[in-house]
Amino acid sequence: MARFSELCLGPLESVPVSVVAQPGVTLMSLVADALGGRSQGLHPTWRRALRSAVPEGAEAVLRPLFTREYSMVPDCLTPTAPLWETDLSVQLDRLAEVPPGLLLQELESDFDGTLPRQWQSVVDRPKAFIQAYAAILGAVWEAFGPVWARAGSLLARETERVGVAVVSNALPLVLAGLGPKIRFEGQTLYVPDPHPETFERGARRVVLVPIVSGNGASVFSFDRSDAVWFGYPVPGLNSLWTAQETAPAERDPLRLVMGALRAGILRELARPCTMGALASELNCTPATVTYHCGQLEAAGLLSRERRGQHVVARRTATGGALVNLLSP
């Protein structure tokens, strides 16, 4: 049964939001999937390429970080600190120079002096572990770097999409569609976590980090003092798997924020419409329309009611206002 950590965001209109294309988060997602046995939905072609690129024995080196009993990467070993440093070469150089004493100190603190068995080999030879760990991450990124470069247009588009959502008070739609593993209800974000906790955002900034790895990607940190951040699959990821060029973004803010289908549903509901008629007009299955209408209804943008054998959908005042605001 899936377990979730909870992040209570508070009223969204007062939440400061940033988007950061942080490659270190993507790197950790790639490593977790290809070498750590933690599925992120990585495409099999990429997984095979990354496994072939790393030194022999890489999975054994990384095993302490991804054991099923407790998955944890000490702060000093994460290529995401500082979060705002997006030059990964700087982060990787820093990792290679981590003092062994710092790693041992963090392990002592993280585990309250009771070290899990899988970390004993690291404690016995911390310098050798740090060097091997940095070499593995460097090899993964050398193999994956060209894909990250190709993803530049997707990352730029996602930054624009979130920006439009923030200024148009449509942030709940973005949060509700971050990926199959992430849920958003009310003012709370739910992220899968084998060791769930509940966090309050307080006055901290929220940082969205689009990930270029797999459609099940989920990486997060809710315990920093300056910000809470969470990574999610960048929209359009499938185009990179097939090496297709991403088409230029259409200058339609509603489609940009909501996606083509949900934007189409709201526009079709200028007048009330049955679910069957919606599916026909949008050339998709009734089940697909039902799912997306459910998400839009949860966001307060449409309502549905049964009339005899049919279910009729209609735009709410909020939905109509959003369409008018975001229509070119």
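How far apart are the mean positions of the 30 positive and 32 negative charges of the protein chain? I looked this up, and they are 8 Å apart. I counted Lys and Arg as positive and Asp and Glu as negative, leaving out His and the chain ends. I placed each charge at NZ of Lys, CZ of Arg, CG of Asp or CD of Glu.

**Ground rules.** This is a predicted model, where local features need pLDDT of at least 70 and side-chain atom pairs count only at pLDDT 80 or more, while totals for chains, interfaces and linings use all residues. Residues are numbered from 1 along each chain as its sequence is written, and side-chain values use heavy atoms, with hydrogens and water left out.

**Overall fold.** I find 15 helices and 11 strands in the protein chain; these are DSSP runs (helices H or I, at least four residues; strands E, at least two), numbered from the N terminus. The radius of gyration is 22 Å, close to the 20 Å from the globule rule for 328 residues, so the chain is as compact as a globular protein of that length. That radius is taken over C-alpha atoms, and the rule is 2.2 Å times the number of residues to the power 0.38. Buried residues make up 46% of the 328; buried means under 20% relative accessible area, exposed over 50%, and partly exposed in between (1.4 Å probe, protein chains only).

**Helix α15.** Next I turned to residues 317-326, where Gly 319, Gly 320, Leu 322, Val 323 and Leu 326 are buried. They cover an arc of only 160 degrees around the axis, which puts them on the same side of α15. The arc is that of the directions from the helix axis to the C-beta atoms. On the other side I see Ala 317, Asn 324 and Leu 325 exposed. The buried set packs against α8, α9, α11, α12 and β11, with contact meaning heavy atoms within 4.5 Å.

**Glu 158.** One of those partners, α8 (152-167), holds Glu 158. I checked its relative accessible area and got 2%, so Glu 158 is buried. Beyond neighbours within four places in sequence, I find Glu 158 in contact with Pro 210, Tyr 232, Val 234 and Pro 235.

**Helix α5.** In residues 100-110 my buried list is Leu 103, Glu 106 and Leu 107. They fall within an arc of 100 degrees seen down the axis, so they line one face of α5. Gln 105, Glu 108 and Ser 109 are exposed on the other side. I note α6 (120-124) and α7 (126-150) among what covers the buried residues. After α5 comes Asp 112, with a positive phi near 50 degrees.
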